[in-house]
Amino acid sequence: MNTLLSKLLALVALAAASLAAQAQDAAAGRRQAATCIGCHGIPGYQASFPEVHKVPKISGQNAKYIAAALEAYRKGERKHPTMRNVAASLSDKDIADLAAFYAGHTKGEAVAVPDKPATEPSTQVAELLKKGNCASCHGENMNKPIDPAYPKLAGQHADYLGVALKSYQAKGHAVGRGNPIMGGMVQAFTPAELKVLGQYIASLPGELQTVPESRFR
């Protein structure tokens, strides 16, 4: 029994080491990112579906969150057709490499992000943040989630945040998202309230960036 247990523990250790090695292969992720830069590598680039909005900043985002998001698109838990098609073509290693690449894909000096919001929310926004219990997962400054599986939000495009939040209310629709935690949180908000939340969060300093990449590499 002890021998069998030792073998099992060794296999688990090897699997963990393999996953860690994959997650650190940012150079391979940079090659994979050739598919991504046409949208995420152009500052201010706008998508037109399901409505016009800027594509999200993903450079500097948590690797664990990027991997989880791509996996959700691949499984169909997130139903955006373009992203689902992209994710469907990726292997587990591709996803890990892309996540590692974008987590470290920054330009210029690091942004100094205070532990507390640099801009105090208005009474309305403070009430909305409290109703959604946003800081409990994403951190008081919206840039330091309690777990790297959750995204940094501070400084993200306001229009994208609004569309993303609404997609959790429409999980059965063509562009819905099936995350049960976020799905439960957003049901209590009106579209106008989600827009106000997105605008405030976008105004906060954060580490997210759009870093241009040459299409010819």
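Buried means under 20% relative accessible area, exposed over 50%, and partly exposed in between (1.4 Å probe, protein chains only). Helices (H or I, at least four residues) and strands (E, at least two) are DSSP runs, numbered from the N terminus. The model is predicted: local features need pLDDT of at least 70, side-chain atom pairs count only at pLDDT 80 or more, and totals for chains, interfaces and linings use all residues. Residues are numbered from 1 along each chain as its sequence is written, and side-chain values use heavy atoms, with hydrogens and water left out.

**View 1. The chain holds 11 helices and 2 strands.**
Read from the N terminus, the order of elements is α-α-α-β-β-α-α-α-α-α-α-α-α. The chain has 217 residues, and 40% of them count as buried. Take the contacts (heavy atoms within 4.5 Å) between residues at least 6 apart in sequence: 72% of these join residues at least 24 apart.

**View 2. A cis peptide bond joins F49 to P50.**
Omega of this bond is near 5°. P50 sits in a loop, with strand 1 (46–47) on one side and strand 2 (53–54) on the other.

**View 3. Helix 4 spans residues 63–75.**
Its 13 residues reach 18 Å from the first C-alpha to the last. That is close to the 18 Å expected at 1.5 Å a residue, where the expected span is 1.5 Å times one less than the number of residues. Buried here are Y65, I66, A69, L70, A72 and Y73. They lie on the same side of helix 4, because their arc around the axis is only 155°; the arc is that of the directions from the helix axis to the C-beta atoms. An α-helix has 3.6 residues a turn, so residues three or four places apart point the same way. Helix 5 (81–88) and helix 6 (92–103) pack against the buried residues of helix 4. After helix 4 comes G76, with a positive phi near 90°.

**View 4. Helix 4 packs on helix 6 at an angle of about 140°.**
The two axes are 8 Å apart. Axes are lines fitted to C-alpha atoms, for helices over the stretch in contact, and angles run from 0 to 180 degrees between N-to-C directions. Helix 4 and helix 6 are therefore oblique to each other. Angles under 35 degrees count as roughly parallel, over 145 as roughly antiparallel, 65 to 115 as roughly perpendicular, and the rest as oblique. The crossing of helix 4 and helix 6 is right-handed; a crossing is right-handed if the near helix is turned clockwise from the far one by less than a right angle, and left-handed if anticlockwise. On the helix 4 side, the residues that meet helix 6 are A63, I66, A67, L70, E71 and R74. Their partners in helix 6 are D92, I95, L98, A99, A100, Y102 and A103.

**View 5. R31 and L98 are brought together from 67 residues apart along the chain.**
Their C-alpha atoms are separated by 8.6 Å. R31 belongs to helix 2 (residues 26–32). R31 counts as exposed, at 62% relative accessibility.

**View 6. Helix 11 covers residues 191–202.**
Helix 11 has 12 residues. From first C-alpha to last it reaches 16 Å, close to the 16 Å expected at 1.5 Å a residue. L194, L197, G198, Y200 and I201 of helix 11 are buried. These residues fall within an arc of 165° seen down the axis, so they line one face of helix 11. Their cover includes helix 7 and helix 9.

**View 7. Helix 7 and helix 11 cross at roughly 100°.**
Their axes come within 10 Å. Helix 7 and helix 11 are therefore roughly perpendicular to each other. Helix 7 makes the contact with Q124, V125, L128, L129 and K131. Helix 11 makes it with E193, V196, L197 and Y200.

**View 8. Helix 9 and helix 11 cross at roughly 140°.**
Here the axes come within 8 Å. Helix 9 and helix 11 are therefore oblique to each other, and their crossing is right-handed. A158, L161, L165, K166 and Q169 of helix 9 meet P191, L194, G198, Q199, I201 and A202 of helix 11.

**View 9. N133 and M142 have positive phi.**
N133 is not a glycine, yet its phi is about 50°. N133 lies in the loop between helix 7 (123–132) and helix 8 (135–138). At 42% relative accessibility, N133 is partly exposed. M142, also a residue other than glycine, has phi near 60°. The loop between helix 8 and helix 9 (158–169) holds M142. M142 counts as buried, at 3% relative accessibility.
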